[in-house]
Amino acid sequence: MEKTVNNKAWFLVLPVLVIVAFSAVIPLMTVVNYAFNDTFGNNQFFWAGFEWFEDTVTSSRMHDALGRQILFSGIILAIEVPLGIFIALNMPKKGFWASFCLVLMALPLLIPFNVVGTIWQIFGRVDIGLLGRTLASLGIDYNYTNDWLDAWITIVVMDVWHWTSLVALLAYAGLQSIPQAYYQAAKIDQASRWAIFRYIELPKMQGVLLIAVLLRFMDSFMIYTEPFVLTGGGPGNSTTFLSIDLVKMAVGQFDLGPAAAFSLMYFLVILLVSWVFYTVMTNMDRENMQ
Amino acid sequence: MAQITLSNLAHSYLAQPKSDADYALKAMDHVWEDGGAYALLGSSGCGKTTLLNIISGLLRPSQGRVLFGDRDVTEAPTAARNIAQVFQFPVVYDTMTVRQNLAFPLRNRGMDPGYIAGRVNHIAAMIGMEERLDRKAKGLTADAKQKISLGRGMVREDVNAILFDEPLTVIDPHMKWELRTQLKSLHREFGHTMIYVTHDQTEALTFADKVVVMYDGRVVQMGTPEELFERPAHTFVGYFIGSPGMNLLSAEVNGAQARVLGGTVDLPASYKASGKVQIGIRPEHVQLTAGDGLPVKINRVEDIGRHRLVRAETAGQSLNIVLPEGASLGPDLTHARFTPEKISVYADDWRIEGVR
């Protein structure tokens with residue numbers, strides 16, 4: 001079929017361009033502006049070049065925050081993904097209890113982030129919190145406000161409580177899409193439970209697990225509200241993740257230049273890691289096809 | 001290998017079946033001889049797959065026993081029955097290579113690696129996938145995947161039976177012939193009991209020594225293709241086998257004559273029939289005449305190559321007639337005659353025998 005060429009059709013893209021410009025590009029450009037300039041207010045700017053970027057890259061404060069951030073994302077991925085799969089495998093497949101479990105699993109996902117932080121903040125308090133009081137009465141020395149390990153454990157448990165459901169629900173959807181004939185064939189072939197998981201369920205869940213890991217990585221790498229409400233980044237700086245540090249810098253210290261440079265690099269890191277991750281996973285998929 | 005006996009077997013998908021209609025499979029007694037090639041034929045939803053899944057142990061029957069030889073396996077799980085089954089849609093293990101797929105049932109049973117390699121090569125040669133043994137199964141086409149499924153079903157030598165659940169649905173027509181022929185030669189070579197479920201009569205009739213026709217949860221007839229064609233035991237068999245199926249005319253039968261709406265028809269023997277009585281005649285055994293027999297009105301003529309098919313009616317009941325090659329069709333042919341010895345008489349859908 002002959003296709004007509006009409007370059008006026010590009011105008012159809014215009015509305016999207018305008019919307020994206022106002023929603024993303026223009027706000028981002030003001031950040032870029034701050035990142036390359038120094039200002040003392042009054043809308044007066046002095047060209048600073050890459051100075052803020054150099055400062056940020058060499059700052060040991062940033063290095064520490066990045067290290068904590070990577071550790072945190074690593075821990076919660078290592079817990080939430082296997083746990084989510086495990087829960088999905090053990091959820092009922094149909095009937096009343098299947099719906100019941102789905103609703104139950106979805107509940108934590110519906111709670112606003114700062115409410116989650118508040119819940120755990122109170123839950124873990126040694127004086128009035130159920131968890132804190134119980135642990136204290138059991139003779140366990142637990143206090144998330146002045147012990148960095150307790151603070152970390154509380155934050156990790158909170159995140160697992162909040163987000164494992166997401167992985168479980170995605171994995172459950174993947175499992176539900178496997179035709180019954182696969183399980184029947186596996187029975188005929190005398191496959192063990194492990195073999196069924198390894199050769200049928202896991203390959204069929206690959207797509208949804210990719211999404212789950214990506215979402216959980218991005219969200220955990222950007223986590224702010226819950227640890228801010230729970231520990232405020234303390235004790236000391238032990239739970240100061242990247243975004244908490246960023247807010248301290250931008251709002252607390254009003255260092256807009258370094259904060260802007262930091263923001264840009266933060267954004268680029270997340271973009272880069274997600275891209276690398278996605279490319280690796282899809283390449284693995286392509287190799288499978290050969 | 002063993003003879004498979006179904007004794008007083010029935011199955012319902014409901015927990016508390018009340019009437020006959022609640023049963024997907026009505027009570028039946030049936031014996032599958034050791035080493036037979038059977039086709040299980042019937043329209044969709046007649047209970048074929050249910051029956052197959054009961055034999056392989058994927059489904060536990062509501063009542064009755066399944067025996068392999070003398071051993072009662074009704075309660076035995078699939079693994080203990082040593083059965084191979086191939087499903088309607090291809091089931092392959094995506095992340096494995098073709099070789100690993102074929103070896104999987106043997107590896108799970110802890111067979112010797114040397115033996116496994118030999119068997120896999122043998123089967124691969126049979127399904128024509130030797131060149132692709134080391135490819136991942138994921139990227140293959142549907143018919144290649146189904147060939148792997150077939151191969152996995154046949155890779156074990158010691159199975160009691162191989163069950164096929166409409167295995168060639170997704171395969172190209174020319175490949176169907178080839179695979180069916182291979183299945184047949186495999187059957188001759190190893191002598192496994194094979195049960196082949198299909199709703200395609202050509203497939204059933206070419207594959208099997210014995211065809212089992214099911215209708216509405218019942219086995220209505222078991223026999224050779226010829227028996228099914230010449231003496232259908234149930235009106236459903238008459239209608240389902242042959243293309244087009246048997247003509248059925250409501251009749252009143254008294255002795256050796258049947259009174260139908262358009263006149264009377266001579267029968268080969270004397271019958272005593274009551275209830276809903278019909279006479280059945282294959283389109284191949286009806287001749288158009290100039291005045292002898294029942295008056296017919298011809299609606300249309302279809303040329304299907306080797307012969308022509310006349311769609312007619314007699315006193316409001318449709319009648320199909322096969323016009324042999326070379327026979328002429330003229331305006332004087334206004335009546336139809338039935339070959340008397342080819343007529344079957346049915347009372348309440350079941351064939352009855354007459355007295356000569």
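# Notebook: strands, helices and the A–B contact

Entry 1. I began with strand 1 (residues 4-11) of chain B, which pairs with strand 4 (residues 63-68) of chain B in the antiparallel sense over 5 bridges. Strands here are DSSP E runs of at least two residues, helices are H or I runs of at least four, and both are numbered from the N terminus. Two strands pair if DSSP finds at least two bridges between them. I noted one partner pair: Ala10(B) bridges to Gln63(B) in strand 4 of chain B.

The model is predicted: local features need pLDDT of at least 70, side-chain atom pairs count only at pLDDT 80 or more, and totals for chains, interfaces and linings use all residues. Residues are numbered from 1 along each chain as its sequence is written, with chains lettered from A and ligands numbered from 1 in the order in which they are written.

I then followed strand 4 of chain B to strand 5 (residues 71-72) of chain B; 2 bridges join them, and they run antiparallel. Phe68(B) has Arg71(B) as its bridge partner in strand 5 of chain B. The two strands form a hairpin with 2 residues between them. In the turn, Gly69(B) has a positive phi of about 65°.

**Entry 2. The mixed sheet of chain B.** Which strand order does the open sheet of 6 strands have? I read 6-7-8-3-9-10 (chain B), with mixed pairing. Strand 6 (83-86) and strand 10 (218-223) of chain B each have a single partner strand, so one side of each is left without a neighbour in the sheet. Neighbouring strands of this sheet are turned by 20° against each other on average, direction ignored. Axes are lines fitted to C-alpha atoms, for helices over the stretch in contact, and angles run from 0 to 180 degrees between N-to-C directions.

Ala84(B) stands opposite Ile162(B) in strand 7 of chain B. Helix 5 (residues 142-154) of chain B lies across both strands, at about 170° to strand 6 of chain B.

**Entry 3. Helix 4 on helix 5, chain B.** Helix 4 (residues 113-127) of chain B packs on helix 5 of chain B at about 140°, with the axes 10 Å apart. That makes the pair oblique. Angles under 35 degrees count as roughly parallel, over 145 as roughly antiparallel, 65 to 115 as roughly perpendicular and the rest as oblique. Ile123(B), Ala124(B) and Ile127(B) of helix 4 meet Lys147(B), Leu150(B), Gly151(B) and Met154(B) of helix 5. Contact means C-beta atoms, placed from the backbone, within 7 Å.

Entry 4. I found an open sheet of 3 strands in the order 15-20-16 (chain B), with antiparallel pairing. Strand 15 (286-289) and strand 16 (294-295) of chain B are its edges. Strand 15 pairs with strand 20 (residues 335-338) of chain B over 4 bridges. Leu288(B) stands opposite Ala336(B).

**Entry 5. Helix 7 and helix 9, chain A.** The axes of helix 7 (residues 148-176) and helix 9 (residues 193-221) of chain A come within 8 Å and cross at roughly 150°. That makes the two roughly antiparallel. Residues of helix 7 in the contact include Trp163(A), Leu166(A) and Leu170(A), and those of helix 9 include Met205(A), Val208(A) and Leu215(A). By class, the contact has 13 nonpolar, 3 polar and 4 charged residues. Ala, Val, Leu, Ile, Met, Phe, Trp, Tyr, Cys and Pro count as nonpolar, Asp, Glu, Lys and Arg as charged, and the others, Gly among them, as polar.

**Entry 6. Chain A against chain B.** The contact takes 16 residues from chain A and 22 residues from chain B. Helix 8 (180-188), helix 9 and helix 12 (256-289) of chain A each supply at least two residues of chain A's side. Helix 8 gives the largest share, 6 residues. Chain A's side divides into 10 nonpolar, 4 polar and 2 charged.

**Entry 7. Records.** UniProt (unreviewed entry) lists "domain: ABC transporter" at residues 4-241 of chain B. That span is 37% helix and 24% strand. For chain A, UniProt (unreviewed entry) places "domain: ABC transmembrane type-1" at residues 66-277. I read 78% helix and 0% strand there. Such annotations may be inferred rather than shown by experiment.

Terms used. Two residues are in contact if their C-beta atoms, placed from the backbone, lie within 7 Å.
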